[in-house]
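Visitor: I'm new to this one and would like to learn how to read it. Could you walk me through it, a feature at a time?

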Amino acid sequence: MELVYIAAAIMIGLGALGTGIGFALLGGKLLEGTARQPELGPQLQTKTFLMAGLLDAVPMIGVGIAMYLIFVVAPAAA
Amino acid sequence: MAGNSQEYISHHLTNLTYGKLPAGYVRENADGTTTELTEATWTMALSGKEATDMGFMAFHVDSLGWSLAMGILFAWLFRKAAKSATSGVPGKLQNVVESVVEFVDNTVKETFHGRNPLVAPLALTIFVWVFLMNSLKWVPVDVIPGIAHAAGLPFFKIVPTADPNGTLGLSLGVFLLIIFYSIKVKGVGGFAKELSLTPFNHPIAIPFNLFLEVLGLLTKPLSLALRLFGNMYAGEVVFILIALLPFYLQWVLNVPWAIFHILVIPLQAFIFMVLTIVYLSQAHEDH
């Protein structure tokens, strides 16, 4: 049943890749926007955190399912 | 919590389930003996396998209990602040409650473009209730299950939002509200027309449109529920894993993870609230 672990690893790994690239783009735009208009700083930050939470959704779902696979499915099948 | 690490982890990830085991089911007791049930009995599950075998008529007593407790705490706290509100120098509780209400009010004003007196209280309830339920994660992993174990309960998970049933319950409520207000504002015919004639406004594209729109409609509550569940469940698993390390390593890892959760817990509650407002705003759109 090692395939379960590989499946979980792929899920977490690819999810982390997507999240990393997404947050990097988002953060870069926030810095640019704040540099252009510092008075919009707090507003932009709130919206950035909102987008970060939305971006996190599908990778987090993947992590949740992967954790379930590793700790509940794999021991039960072993 | 003795036993090997695998057992420890599975033990902490199982909910306290109260349900009906069918007649003729063979149970394994804690001391190794087996009892066969002569008739269908309502009982607490003694293992994860028993919980699965209970089928549909099983209740996660711990999630239900703690979500109810957090709801009552929220209602009592806010009512207390409202009753003792003064227009002079406010006390601390009134300050906190006022800032939360103002925050939710501003968010609703910015995002909701319809006319409905239900949305702002709904947003406040969702935000504070989900925040309180999530914040049960800061209680160290062994404390409350240890007390429950001494009281004879086999499992006890205290975070209701780390239970997919909990989050799906919340998002199902939101989904029903979306459908209710869509039909109320647009009418049944208008709602059906919107579902079947966007994005392609041609009768021949109706099946395709319906497929896309119904799928989009169904992903809304599903993603709401699973986003919150995934965040909370993964955090819980990491806390449990850290608890398995030798005690001198626990502080090094636990402190940063708990501090990270100061961000995650309110953020997830905020996102649930904002998405609810956005979906309800979409349901109220009529051109």
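Visitor: How many residues of chain B are in contact with chain A?

Guide: Two residues are in contact if their C-beta atoms, placed from the backbone, lie within 7 Å. Here, 17 residues of chain B touch 13 residues of chain A. Before we go on: this is a predicted model, where local features need pLDDT of at least 70, side-chain atom pairs count only at pLDDT 80 or more, and totals for chains, interfaces and linings use all residues. Residues are numbered from 1 along each chain as its sequence is written, and chains are lettered from A and ligands numbered from 1 in the order in which they are written.

Visitor: Which elements of chain B give two or more residues to the side that touches chain A?

Guide: Helices (H or I, at least four residues) and strands (E, at least two) are DSSP runs, numbered from the N terminus. On this side of chain B, those elements are helix H1 (5-12), H8 and helix H9 (247-283). H8(B) gives the most, with 9 residues.

Visitor: And what is that side made of, by class?

Guide: Ala, Val, Leu, Ile, Met, Phe, Trp, Tyr, Cys and Pro count as nonpolar, Asp, Glu, Lys and Arg as charged, and the others, Gly among them, as polar. The side of chain B that touches chain A has 10 nonpolar, 6 polar and 1 charged.

Visitor: At what angle do H2(A) and H1(B) cross?

Guide: Axes are lines fitted to C-alpha atoms, for helices over the stretch in contact, and angles run from 0 to 180 degrees between N-to-C directions. The axes of helix H2 (residues 41-77) of chain A and H1(B) cross at roughly 120° and come within 10 Å. Angles under 35 degrees count as roughly parallel, over 145 as roughly antiparallel, 65 to 115 as roughly perpendicular and the rest as oblique, and H2(A) and H1(B) are therefore oblique to each other. A:Phe71, A:Val72 and A:Pro75 of H2(A) make the contact with B:Gln6, B:Ile9 and B:Ser10 of H1(B). By class, that contact has 4 nonpolar, 2 polar and no charged residues.

Visitor: Let's turn to the sheet. What is the order of its strands?

Guide: Two strands pair if DSSP finds at least two bridges between them. In chain B, an open sheet of 3 strands runs in the order S4-S1-S5, with antiparallel pairing. Strand S4 (41-44) and strand S5 (58-60) of chain B are at the edges with a single partner strand each, so one side of each has no neighbour in the sheet. On average, neighbouring strands of this sheet are turned by 20° against each other, direction ignored. Helix H3 (residues 61-83) of chain B packs on the sheet and touches S1 and S5 of chain B.

Visitor: How many bridges join S1 to S4(B)?

Guide: Strand S1 (residues 17-21) of chain B is joined to S4(B) by 4 bridges. B:Tyr18, for one, has B:Met44 in S4(B) as its bridge partner.
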